[in-house]
Amino acid sequence: MRSSGFPYLLPMLLLSVVFFATPLGLLLAFSFAGPTGVTLDNFAEFFGDPFNFKVLTNTMRLGFETVIGTTLLGIPIGLFYWHSGRRMRQVVVFLSLIPMLTSNVVRTFAWIVILSRQGPISQALLGLGLTGAPTSLLSTEFGLLLAMVQIDLPLIILPLVAILARTSRQLPEAAEVAGAGHWRILVTVLLPMMLPGLLAGWILVFASTSASYVTQAAIGGARNVYVPQLITRQVGVLFNWPLASAIAMVLLLSTGALLMALALISRHRRLVGHA
């Protein structure tokens, strides 16, 4: 009689409970904690302040902008991978993996150098005559967006590569024989094939960007405040753990709602494709 596989899953389940479910439960409990017991005052305080709501919308906008930027760069790289031979495909995967082997802190501080007044971007703008003096992109949303797009780009390239690696070239060739032009093949054949990889990449990029405290604080600076910095301020400066927990739950639910929507779109597409 074949034994159940549950004993082999038990260590993983225990680790999930101890290191994921328990901290999440404590966070949820703190978010409803008040001087007299369970209360919604922490959430009311967060949403009652227009500044906090603006910080939340800025965080969501940064996530969407990073998703757009990584998509515009990831699709051409994915198509280049798909049209390349075996050796060049290995080079694309290798170059995509190298940044992920480097600490996010190291990559962030590298971008601080790149975006500074003496960095290559400032020197290039000065050399082209576009600026009359050295310009720093630090403490700007555009500079932060550049850094986030580069840091999170592998998160969208790798899912695309996984999809395209097992995609046949016969469909685009058949469309070309039928008279479809290059743009029509891209829109009607290639992009639908890449959509599952794009959806997975969007989920990873958005979640990573919205919670990237180190990069947001180091490059965005004090003038650009996002939810992770707001949580850090409540914990480390004001010592208001219940409000910090409520803010964290709002970020978690906001991000989770988007991820759920993307997951439903992906599931709906698979059901339609199998119908």
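Predicted model: local features only at pLDDT ≥ 70, side-chain atom pairs only at ≥ 80, totals over all residues.
The elements covering its buried residues include α3 (50–83), α5 (104–115), α8 (154–164), α10 (182–210) and α11 (213–220). And which residues of α7 are buried? They are G143, L144, L145, A147, M148, V149, I151 and D152.

The helix itself runs over residues 141–152, which makes 12 residues. From its first C-alpha to its last, α7 reaches 16 Å, close to the 16 Å expected at 1.5 Å a residue.

## The whole protein

Now zoom out. The protein has 275 residues, and 36% of them are buried. Its secondary structure comes to 13 helices and two strands, and the C-alpha trace spans about 80 × 75 × 30 Å along its principal axes.

How much of the accessible surface belongs to carbon and sulfur atoms? The answer is 72%, out of a surface of about 16,300 Å². As for contacts, take those between residues at least 6 apart in sequence: 70% of them join residues at least 24 apart.

In soluble globular proteins, nonpolar side chains tend to be buried together. Here, the largest nonpolar core holds 41 residues. Which of its members touch the most others? Those are F46, L190, M194, V227 and I247. The elements giving two or more residues to this core are α2 (41–48), α3, α8, α10, α12 (227–236) and α13 (241–274). Apart from this core lies another one, of 12 residues, and among them are L137, L144, L145 and Y226.

Setting aside its neighbours within four places in sequence, L190 is in contact with L79, W82, P172 and I185.

## Rings and a charge

A search of the whole structure turns up four aromatic pairs. In one of them, the rings of F64 and F206 have centres 5.3 Å apart and planes at 55°, so this pair is tilted. It links distant parts of the chain: F64 sits in helix α3 and F206 in helix α10, 142 residues apart. Are these two buried or partly exposed? F64 is partly exposed, with a relative accessible area of 44%, whereas F206 counts as buried at 1%.

There is also a charge placed over a ring: the charged end of R89 sits over the ring of Y81, 4.7 Å from its centre.

A207 belongs to helix α10 too. A207 is partly exposed, with a relative accessible area of 29%.

## Two residues and their contacts

Next, look at I112, which is found in helix α5. Leaving out neighbours within four places in sequence, I112 is in contact with L138, A218 and I219. The C-alpha atoms of I112 and L138 are 7.0 Å apart in space, while the residues are 26 apart in sequence.

S122 is in helix α6 (residues 120–127). Is S122 buried or exposed? Buried, because its relative accessibility is 2% and the cut-off for buried is under 20%. Beyond its neighbours within four places in sequence, S122 is in contact with S116, R117, P134 and T135.

Most residues other than glycine have a negative phi. Which residues here have a positive one without being glycine? S139 is one of them, with phi near 60°, and F239 is another, at about 55°.

S139 lies in the loop between α6 and α7, and F239 lies in the loop between α12 and α13. S139 counts as partly exposed at 27% relative accessibility, whereas F239 is exposed, with a relative accessible area of 61%.

Notes:
Residues numbered from 1 in each chain as written. Heavy atoms only, no water. Helix = DSSP H or I, 4+ residues; strand = E, 2+ residues; numbered from the N terminus. Expected span 1.5 Å × (residues − 1). Buried < 20%, exposed > 50% of the residue type's maximum accessible area, 1.4 Å probe, protein only. Contact = heavy atoms within 4.5 Å. Phe/Tyr/Trp six-rings, centres within 6.5 Å; stacked < 30°, edge-to-face > 60°. Lys NZ or Arg CZ within 6 Å of the ring centre and 35° of its normal. Core = buried A, V, L, I, M, F, W, Y, C linked by side-chain atoms within 4.5 Å. Areas by Shrake-Rupley, 256 points an atom, 1.4 Å probe, with all protein chains shown as cover.
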